[in-house]
Amino acid sequence: MANPVGNERVDTKTAILDAAEGMMADRGIDGTSLRAILSTAGVNSAALHYHFGSRERVVEAILARRGRHQSERRMEMLRTLESRGETPTALDVVDVIVDPMVEMLYEDGEGGRRFLRFLARLQSDRSRVLFREAETHFSEFRERLGHLAAQACPHVPEAGLARRLTMVFDTTLISIASADVMAEAWKSDEHMEALLEHVVTLKRFLVGGLSG
């Protein structure tokens, strides 16, 4: 028999994360109070402090919930490209960055939409929590992606290529998160179809910027 206490804790934790994720996507971290999160989630302060302890820990948990899965997916794609024994293309590099975001939207729907908008807001606000998490968990990925990009774009100087990769990440996140279709809750497959049209144009733009 399932432990009812355990189930309650999981549900409460998810409610807190969902509430904080949606509010911070709209208002940023500094514009979202713990009191507002508690009110939206329908829980008391004891529950929040039990699960997280602070607003910063809530942010870290939101990033871990979906962000690390995206990183694992990108590492899987890198390993596949590295094992091919072929020179990668600029599109290969762009695919590694863009496709895991789109896959998450396809798999998680509204949850994925909310997370990408949250991530874009943290990126726009230059959140120290986001950059700390990236440095802690994603440094190997960035190094291997840089090596892949150098193979795909040997004519681009190393320092310039690093800047272009940063621009590709930033542009991808902001462009997808701010697409018209992302402004409303996802309720049908039409959302995915509209987003895929957006992504095709985005990839063409990114390939030109990375390799041009």
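Author: The dialogue below moves from the whole chain to single residues. The model is predicted, so local features need pLDDT of at least 70, side-chain atom pairs count only at pLDDT 80 or more, and totals for chains, interfaces and linings use all residues. Residues are numbered from 1 along each chain as its sequence is written, and side-chain values use heavy atoms, with hydrogens and water left out.

Reader: How many helices and strands are there in the protein chain?

Author: Helices (H or I, at least four residues) and strands (E, at least two) are DSSP runs, numbered from the N terminus. Here the protein chain holds ten helices and zero strands. Its pattern along the sequence is α-α-α-α-α-α-α-α-α-α.

Reader: What radius of gyration does the protein chain have, and what would a compact globule have?

Author: The radius of gyration is taken over C-alpha atoms, and the globule rule is 2.2 Å times the number of residues to the power 0.38. For 212 residues, a compact globule would come out near 17 Å, and the 19 Å of the protein chain agrees with this. Along the principal axes, the C-alpha atoms fill a box of roughly 55 × 40 × 35 Å.

Reader: What percentage of contacts in the protein chain between residues at least 6 apart join residues at least 24 apart?

Author: Contact means heavy atoms within 4.5 Å. Among contacts between residues at least 6 apart in sequence, 75% join residues at least 24 apart.

Reader: What percentage of the residues in the protein chain is buried?

Author: Buried means under 20% relative accessible area, exposed over 50%, and partly exposed in between (1.4 Å probe, protein chains only). Of the 212 residues in the protein chain, 46% are buried. Accessible areas come from the Shrake-Rupley method with a 1.4 Å probe, and for residues only the protein chains shown count as cover. The protein chain exposes about 11,400 Å², with 51% of it supplied by carbon and sulfur atoms.

Reader: How far apart do the centres of the positive and negative side chains lie?

Author: Lys and Arg count as positive and Asp and Glu as negative, while His and the chain ends are not counted. The place of a charge is NZ of Lys, CZ of Arg, CG of Asp or CD of Glu. There are 27 positive and 32 negative side chains, and the centres of the two sets lie 6 Å apart.

Reader: Which residues of helix 2 are buried?

Author: A general point comes first. An α-helix has 3.6 residues a turn, so residues three or four places apart point the same way. In helix 2 (residues 34-41), the buried residues are A36, I37, L38 and A41. Just after helix 2, G42 takes a positive phi of about 70°.

Reader: Is Q70 buried or exposed?

Author: Q70 lies in helix 4 and counts as buried because its relative accessibility is 4%. Not counting residues up to four places away in sequence, Q70 touches P100, M101, M104, F115 and L116.

Reader: Where does F138 lie, and which residues does F138 contact?

Author: F138 lies in the loop between helix 7 (128-137) and helix 8 (139-152). A relative accessible area of 21% is why F138 is partly exposed. Leaving aside neighbours within four places in sequence, F138 is in contact with G67, R68, S71 and E133. The C-alpha atoms of F138 and Q70 are separated by 10 Å, although the two residues are 68 apart along the chain.

Reader: With which side chain does R84 make a polar contact?

Author: A polar contact is a pair of N or O atoms within 3.5 Å; within protein, one must be able to donate a hydrogen and the other to accept it, and residues adjacent in sequence count only if both atoms are side-chain atoms. The side chain of R84 makes such a contact with the side chain of D92 (3.0 Å). R84 lies in helix 4 (residues 55-84) and is partly exposed, at 37% relative accessibility.
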